[in-house]
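Here is a short briefing to read alongside the model.

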Amino acid sequence: METKRSEEELQKLLAQQEKSAQLLVRRDLELMRANEKLRELDDQKSKFISVAAHQLRTPLSAIRWSLGYLLSERAGKMTEEQGTFLRQTYDSTVRLVHLVNDLLGIDRMRGGRIVFVFVPVDLHDAVKSVLTDISPNAHRRGVSINIENRLQTNALVLADVAHLRLVLQNIIENAVEYTRAGGSVDVTLFEEGGMLFVSIKDTGIGIPADQQGKIFKQFFRARNAIKVKTEGSGLGLSLVRETLERMRGGITFTSRENEGSTFILTLPKALKS
């Protein structure tokens, strides 16, 4: 009797295990179908963004060129009021062109359609070049920019020149844009553990603590940033992070609302031949 009872219990246990295994297989199939559906939706979204952005860029570029031509007054003199309206329209068009370019950049980056050409780049020279372009806007806004180079002479990073410039310009421009008049942006270059670093520290509006985890998400903009600068795509930091990752680097930050932010870019050091 005891042996028979043990066999019955074993049979029940095996039946339960088989049922559990069937449920697991069914759940795996459901998850696979859900993942396939998500990938399909993501592909459709990517295709839509790509097609829409391409369709928008050509007419927007034409509109920008036409407005620039009118503002130059080569087509005739304008009144001050007409010039003001045209300038506002031109600036809005430029922002739309930048948004479209950011959308295309993100789409190409995600799709692996951007080719990176890695060469040794003098990091100090690259930063100085970007600061030269940004300084006039910083001066107009009453924001001082300081640079401290702690690197050895001719410290080189391995990077794509154009994309390195895009990264530096995006982060430093943000620091300037979100810093009030009388504030400062401090750029520091240093080396540690075979990597080169660029620290961009500002005395700006900072990022609210409860929103810092979303700062690199596409289309996200912190609530205080929207108040300071109503226009903006929310794509810049996402593009920066993906670009740095493609260049085998990274980005971190610390921030306190109303006190400022510090972004630190990490880039691989080029080996000397």
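The notes below go from the overall fold to the core, then to a helix pair and some backbone details.

This is a predicted model of a protein with 6 helices and 7 strands. Of its 273 residues, 36% are buried. Its elements follow the order α-α-β-α-β-β-α-β-β-α-α-β-β from the N terminus.

**Overall picture**

- Among contacts with a separation of 6 or more, 70% join residues 24 or more positions apart.

**The nonpolar core**

- In the largest nonpolar core there are 45 residues, and L123, L164, V187, V198, I200 and L265 have the most contacts inside it.
- Helices and strands both contribute: helix 3 (123–141), helix 4 and helix 6 each give two or more residues, as do strand 3 (156–159), strand 4 (184–192), strand 5 (195–202), strand 6 (250–256) and strand 7 (260–268).

**Helix 4 against helix 6**

- Two packed helices are described by the angle between their axes and the distance between the axes.
- For helix 4 (residues 161–177) and helix 6 (residues 236–246), the angle is about 145° and the axes are 10 Å apart.
- The crossing of helix 4 past helix 6 is left-handed.
- Helix 4 brings H163, L166, V167, N170, I171 and N174 to the contact, while helix 6 brings G236, L237, L239, V240, T243 and L244.
- Sorted by class, this contact has 7 nonpolar and 5 polar residues, with no charged ones.
- How many of the 11 residues of helix 6 are buried? The count is 8, so helix 6 is mostly covered, with under 20% relative accessible area as the cut-off for buried.
- Those buried residues are G236, L237, S238, L239, V240, E242, T243 and L244.

**Positive phi values**

- Most residues other than glycine have a negative phi, which makes a few places worth a look.
- R248, which follows helix 6, has a positive phi near 60°.
- E73 has a phi of about 65° and sits in the loop between helix 1 (2–71) and helix 2 (80–110).
- N258 has a phi near 70° and lies in the loop between strand 6 and strand 7.

Conventions: Residues numbered from 1 in each chain as written. Predicted model: local features only at pLDDT ≥ 70, side-chain atom pairs only at ≥ 80, totals over all residues. Heavy atoms only, no water. Axes fitted to C-alpha atoms, helices over the stretch in contact; angles between N-to-C directions. Helix = DSSP H or I, 4+ residues; strand = E, 2+ residues; numbered from the N terminus. Left-handed = near helix turned anticlockwise from the far one by under 90°. Contact = heavy atoms within 4.5 Å. Nonpolar A, V, L, I, M, F, W, Y, C, P; charged D, E, K, R; others polar. Core = buried A, V, L, I, M, F, W, Y, C linked by side-chain atoms within 4.5 Å. Buried < 20%, exposed > 50% of the residue type's maximum accessible area, 1.4 Å probe, protein only.
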